[in-house]
Amino acid sequence: MTTPAHPRVVATDLDGTLLRSDGTVSARTREVLEALDAAGTQVVFVTARPPRWLTEVGRLVGGHGVIICLGGACVYDVATRQVVESRGFAPLVLGDVVRDLRAAVPGIALAVERVDGPVFDPAFRHDETMAAAWRGPVERALDASVGKLLARSDQVGQDAFFDQVLAVVGDRALLAYSGAAGLAELLPPDVTKAGALAAWCASHGIGPEAVWAFGDMPNDLPMLDWAGTSYAVANAHPEVLAAATHVTASNDEDGVALALARLLDEPAPRPTQPIEGVDR
């Protein structure tokens, strides 16, 4: 296998890829990310996580730069802890999707992720402490700031539930399979991790050939396909293992850090243009 070119950007998923199974980051991974940052290689996290879950992981990229979150619906500025770009559902379309899901899927529970926080149906199971502003039903919060619609049902198995959801939404939303059990994650139809990453890179004069991408689940596939060099961690979904150009160790074995560590021993070519907006 040929040695991939030294990247200007490293784009990595978080859960199941960079983070260990218990959600932690090893000391080895922290050291590698800090060293890459100091050497001038931009690290961009690309994740399904909402903005409110990014404060701590932002420290892993030196407290600056950006994180693409909500599956590509938002770009989060680490230094200011603010969403600086977002692409949400068209409110009328989202309202129709919610109405149709409620009518077609008995017992469905819904939630929306907005730029300023979530709103949950009372029956929607989640592990977070419920703030008063988060109390639904979701129909009170269907505006252009919604970047993701979440759906759960305890009455059918996961595959059957996904089939039901897909039959209802059609091309009005994109079902993003992130691996969360029993959870259907719906994005606006033109929003993907790959699209958001490509747009950010293009705005900084960076082509796919200068990007390494890491992932583990099917919602990472478009990003891995777009990047010039792609890595699947060993614990990845079979479709991801088959599609990636390289395979590294599992997330619990610090696979991303192992693949990136050798970059520290190779001189990186100086970019013809700096990556603007990123403090060094």
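1. In which sense do strand 4 and strand 5 pair, and over how many bridges? Strand 4 (residues 74–77) and strand 5 pair in the antiparallel sense, over four bridges. Strands pair if DSSP finds at least two bridges between them. Strands (E, at least two residues) and helices (H or I, at least four) are DSSP runs, numbered from the N terminus. V75 has E85 in strand 5 as its bridge partner. Four residues lie between the two strands of this hairpin, and R81 takes a positive phi near 55° there.

2. A word on the basis. This is a predicted model: local features need pLDDT of at least 70, side-chain atom pairs count only at pLDDT 80 or more, and totals for chains, interfaces and linings use all residues. Residues are numbered from 1 along each chain as its sequence is written, and side-chain values use heavy atoms, with hydrogens and water left out.

3. Eight strands form an open sheet with mixed pairing, in the order 5-4-3-2-1-11-12-13. Its edge strands are strand 5 (82–86) and strand 13 (246–248), and each pairs on one side only. From one strand to the next, the twist averages 25°. Axes here are lines fitted to C-alpha atoms, for helices over the stretch in contact, and angles run from 0 to 180 degrees between N-to-C directions.

4. Strand 11 (residues 211–215) and strand 12 (residues 229–233) run parallel, joined by four bridges. S230 in strand 12 stands opposite A213. Helix 5 (residues 193–203) packs on the sheet. The helix touches strand 1 (9–12), strand 2 (42–46), strand 3 (66–69) and strand 11; contact means heavy atoms within 4.5 Å. The direction of helix 5 makes about 155° with that of strand 2.

5. Now the rings. There are five aromatic pairs in the structure. Rings of Phe, Tyr and Trp (its six-membered ring) pair if their centres lie within 6.5 Å; planes under 30 degrees apart count as stacked, over 60 as edge-to-face and the rest as tilted. F120 and W134 have ring centres 6.1 Å apart and planes at 55°, so this pair is tilted. F120 lies in strand 7 (residues 117–120) and W134 in the loop between strand 7 and strand 8 (146–152), so the pair ties together parts 14 residues apart in sequence.

6. F120 is buried at 3% relative accessible area, and W134 counts as buried at 16%. Buried means under 20% (1.4 Å probe, protein chains only). F120, F124 and W134 form one aromatic cluster.

Conventions: Buried means under 20% relative accessible area, exposed over 50%, partly exposed in between (1.4 Å probe, protein chains only).
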